[in-house]
Amino acid sequence: MEYREIPFFKPYITDAEIKEVEDTLRSGWLTLGPKTKAFEKMLADFLGVKDIVALNSGTAALHLSLVALDIKEGDEVITTPYTFVSTVAVIIQSGAKPVFVDIEPSTMNIDVSLIEEKITERTKAIMPVHIAGQPCDMDEITEIARKYKLFVLEDAAHALPAYYKGKVIGTIGHTTSFSFYATKNLVTGEGGALATDDVDLAEKIRALSLHGISKDAWKRYTSSGSWYYEVIHLGFKYNFTDIQASLGIVQLQRLQEMQKMRRHVAEMYYNMLSDIEEIELPFVKEDRETAWHLFIIKLNLHKLNIGRNEFIDRLSEKGVKTSVHFIPVHYHPYYQKMGYRKGMYPMAEAVYRRSISLPFYPQMTEDDVRYVANSIKDIISKERLKV
Ligand SMILES: *Cc1c(COP(=O)(O)O)cnc(C)c1O
């Protein structure tokens with residue numbers, strides 16, 4: 001094989017995004033304004049939800065969900081340790097305590113059979129994370145939430161768009177948080193959005209995102225507005241900008257096309273990597289559609305001479321750049337200092353030891369995918385454990 005470089009991810013930006021950003025830069029209005037409103041409306045229509053609040057990150061959307069629902073010190077919020085750290089950090093920042101539930105290894109999503117035993121009188125919400133874009137078991141989660149009167153606040157950073165039993169993710173939980181970070185399915189560089197059918201909550205979150213001011217800044221400065229404003233909450237500076245919205249508007253128009261390309265890349269990986277005993281390919285449950293944000297393979301370590309880290313190094317030597325999603329949150333030094341210990345969430349830990357996220361982006365060609373697949377096969381042929 002001739003050496004090639006396959007990056008882990010490449011953003012897919014076209015001239016249309018560049019033109020739209022240029023239009024905004026020339027318009028004289030750079031921050032929260034008409035393009036943000038247009039983007040929020042487009043995304044609300046796309047998902048079929050009553051309101052979308054665009055924010056400067058997915059993390060901000062998760063944080064404001066908690067703050068706006070008055071989740072605070074003395075409360076508990078259930079999530080999993082198998083996520084990006086921000087899911088958990090915002091719970092602590094709200095004052096509440098994160099309560100971890102282990103994952104189901106096949107999907108890497110929260111194991112719904114373990115939720116109820118973690119519920120106490122202090123539990124206020126469940127934050128399911130749709131790992132790699134595959135929806136969690138939302139019927140079971142919704143049922144538990146109803147039974148114990150909990151909010152369901154979804155971390156859908158990977159799940160735009162994803163479907164659970166025909167329903168689009170964004171329409172199920174009380175709030176759903178999306179991320180438009182540079183590597184996500186829809187990118188605005190940095191950015192995020194919160195979807196909800198609770199219009200009062202959306203209004204509160206909109207105010208909280210802009211210093212707690214009761215009206216958006218752009219309304220103040222247009223001819224219909226005035227200089228007067230009122231601060232009604234202890235707010236944050238979490239608002240979106242029209243520069244981000246310019247990217248978002250075009251990316252949203254291109255989303256279904258990009259998703260089709262992602263599905264095709266996934267199919268090519270399945271075709272080229274099936275029937276290799278040393279690896280396990282992503283498993284998607286039948287009643288749902290993943291957003292194909294990541295393509296995570298799991299090594300069958302008992303069939304290999306080398307571990308996951310060395311496997312990653314070997315791929316890197318061949319020019320294939322990979323990543324790992326995720327280092328369990330409780331492994332990080334800050335969380336160890338809080339008292340979490342290795343061994344507490346065995347399924348998350350076992351999956352972490354085995355998983356590699358392969359290069360995965362819409363514009364990957366068949367040759368790119370074949371090069372990755374052949375590199376994997378080559379390493380396995382040399383490191384297959386002889387029994
Ligand atoms: C990316 C990500 C976030 C945070 O999104 P940002 O927009 O970067 O703040 C939250 N949760 C998960 C699972 C993510 O992958």
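I began at Ser179, where a polar side-chain atom lies 2.7 Å from an oxygen atom of the ligand. I keep in mind that this is a predicted model.

Next I checked how much of the ligand the protein covers. Taken alone, the ligand exposes 380 Å², and I found that the protein buries 92% of that.

In the side chain of His158, an N or O atom is 2.7 Å from an oxygen atom of the ligand. Gly58 takes part through its backbone: one of its polar atoms there is 2.8 Å from a ligand oxygen.

Which residues of the shell are closest to the ligand? I noted Thr59, Asp155, His158, Ser179 and Lys184, out of 16 residues that surround the ligand. Sorted by class, I get nine polar, five nonpolar and two charged residues in this shell.

I also asked which helices contribute. Helix 3 (58–68) and helix 4 (85–94) each supply at least two shell residues.

My last entry goes to Arg206, which I located in helix 6 (residues 199–208). Is Arg206 buried or exposed? Its relative accessible area is 9%, and the cut-off for buried is under 20%, so I log Arg206 as buried. I then looked for a side-chain partner and found Glu40: a polar contact of 3.3 Å joins the side chains of Arg206 and Glu40.

Conventions. Residues numbered from 1 in each chain as written. Predicted model: local features only at pLDDT ≥ 70, side-chain atom pairs only at ≥ 80, totals over all residues. Heavy atoms only, no water. Near = heavy atom within 4 Å. Polar contact = N/O pair within 3.5 Å; in protein donor to acceptor, adjacent residues only side chain to side chain. Areas by Shrake-Rupley, 256 points an atom, 1.4 Å probe, with all protein chains shown as cover. Helix = DSSP H or I, 4+ residues; strand = E, 2+ residues; numbered from the N terminus. Nonpolar A, V, L, I, M, F, W, Y, C, P; charged D, E, K, R; others polar. Buried < 20%, exposed > 50% of the residue type's maximum accessible area, 1.4 Å probe, protein only.
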